[in-house]
Amino acid sequence: MRDVFHEQLDAVFDDLTAICGQVEVAVRRSTEALMSGDAAVAEQVITDDVEIDRAREKVEESAFELLSLQQPVAGDLRVIIAALRMVTELERMGDLSVHVAKIARLRVPNVAVPEGISDTMTKMAETAEDMVRRVGRIIRHRDVSAAIELGRDDEVMDQLRRHSFTQLLGDDWAHGVEAAVDVALLGRYYERIADHAVSIANRVVFVVTGEKVHRGEL
């Protein structure tokens, strides 16, 4: 019975990895829509989010079944609870990608990101996508060292976010209030995707070691 239980638990983590792949695609496509002003791509991101929601529901159902039928001991219970929290964060990352896509769609036929700040926004998007990709590998392999490294690298996103504010508040900003609001929101969305990736990585550390990791400790 314990072998069956652990096979089912491994299947939950396989599902988490698959959802991470879906989120990675959502981040990439929402950025494509944002930078190109492609309404069709933006609409696809919004439509596809229902698949991430369904995948989250499947993980939740599997986890609740394990809780109710297998009576997990303390260590296994820790893993199941962590999985439930991770899938919630993955869903939120998908939702944040939808927010990016909606801004892109709102500004069609124009592009929401002004040319002068597009390099910064592109780097933020690439950083967010890279962190999602890496956290997928962290979940798959339950890689503690990679999880800790991801937390440390989150400083790159923080620096980009600060730089975007410097550009927004500079005397030479000439793109108006609407563009400034868009850029401020977009920066926040990408930053939150990165924050969720770090949080998931920290939960993997907790699953493997039983020890909680706080950002200040990374």
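Over the face of which residue does Arg78 lie, and at what distance from the ring centre? The structure in which this arrangement occurs is a predicted model. In that model, Arg78 is placed over the face of Phe206, and the distance to the ring centre is 5.7 Å. This counts as a charge over a ring because CZ of Arg must be within 6 Å of the ring centre.

The overall architecture may be considered next. The protein contains six helices and zero strands, and its elements, read from the N terminus on, follow the order α-α-α-α-α-α. The radius of gyration of the protein is 19 Å, close to the 17 Å given by the globule rule for 218 residues, so the protein is as compact as a globular protein of that length. Along the principal axes, the C-alpha atoms of the protein fill a box of roughly 65 × 35 × 20 Å.

The interior and the surface complete the description. Of the 218 residues in the protein, 48% are buried. When contacts between residues at least 6 apart in sequence are considered, 84% of them join residues at least 24 apart. The accessible surface of the protein amounts to about 10700 Å², and carbon and sulfur atoms account for 49% of that surface.

Key. Residues numbered from 1 in each chain as written. Predicted model: local features only at pLDDT ≥ 70, side-chain atom pairs only at ≥ 80, totals over all residues. Heavy atoms only, no water. Lys NZ or Arg CZ within 6 Å of the ring centre and 35° of its normal. Helix = DSSP H or I, 4+ residues; strand = E, 2+ residues; numbered from the N terminus. Rg over C-alpha atoms; globule rule 2.2 N^0.38 Å. Buried < 20%, exposed > 50% of the residue type's maximum accessible area, 1.4 Å probe, protein only. Contact = heavy atoms within 4.5 Å. Areas by Shrake-Rupley, 256 points an atom, 1.4 Å probe, with all protein chains shown as cover.
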